[in-house]
Amino acid sequence: MKKVDHIGIAVRDLNAVLPYYTETLGLPLMKIEEVESQNVRVAFIDAGNVKLELLEPMAEESAIFKFLEKKGEGIHHIAFGVVGIEERMEELREKGVQLLNDKPKPGAGGAMVAFLHPKSSNGVLYELCEKE
Ligand code: CMX
């Protein structure tokens, strides 16, 4: 694992929470984008040494929709930036970690991403993400 790339935070309404981050906390908004493969609209906030990824569900099928229904708004996942995501996935599989993806998927910011099951990670949903 190279570093923590971002922390994912589930929100119900992106536009409603953005002023808290940009005005109240005074953190810069980097970009907003829709990630079709995950059914989410995301905003990246620059928090200095790490990014905050605010995640709003775009459909009821979204993992974020289900998370909000069950747990409400809050921290959803922690993403490690990695190099060689397929090799990292294979190493983790060999160590008995349950992965939620067979192959990396396209995620936000043009990254390839894969998730580790929270049951394998003591209750934390971790993401691996690799940028070109
Ligand atoms: N963090 C920690 N635990 C979580 C969790 C999370 N974000 N989401 C679910 N869980 C736990 C639940 O609490 C539940 O635990 P218990 O059985 O002890 O109650 C268990 O995992 C199963 O949860 P569930 O609500 O029944 O939901 P599912 O099993 O259907 O899905 C998960 C959970 C993690 C497998 C699914 O959300 C997933 O595949 N996530 C990966 C993809 C994703 O999260 N995409 C959105 C982000 C996209 C992006 O960053 O671009």
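1. Helices (H or I, at least four residues) and strands (E, at least two) are DSSP runs, numbered from the N terminus. Val-17 belongs to helix H1, which covers residues 14-24. Val-17 counts as buried because its relative accessible area is 19%, where buried means under 20%, exposed over 50% and partly exposed in between, with a 1.4 Å probe and protein chains only.

2. The model is a predicted one, in which local features need pLDDT of at least 70 and side-chain atom pairs count only at pLDDT 80 or more, while totals for chains, interfaces and linings use all residues. Residues are numbered from 1 along each chain as its sequence is written, and side-chain values use heavy atoms, with hydrogens and water left out.

3. Between Val-17 and Lys-95 there are 39 Å from C-alpha to C-alpha, at a sequence separation of 78 residues.

4. Polar contacts here are pairs of N or O atoms within 3.5 Å; within protein, one must be able to donate a hydrogen and the other to accept it, and residues adjacent in sequence count only if both atoms are side-chain atoms. A side-chain N or O atom of Lys-70 is 2.9 Å from a ligand oxygen, and a polar side-chain atom of Lys-119 is 2.8 Å from an oxygen of the ligand. For His-76, a polar backbone atom lies 2.9 Å from a ligand nitrogen.

5. Helix H2 (63-71) is among the elements that each supply at least two residues of the shell around the ligand, and H2 gives the largest share, six residues.
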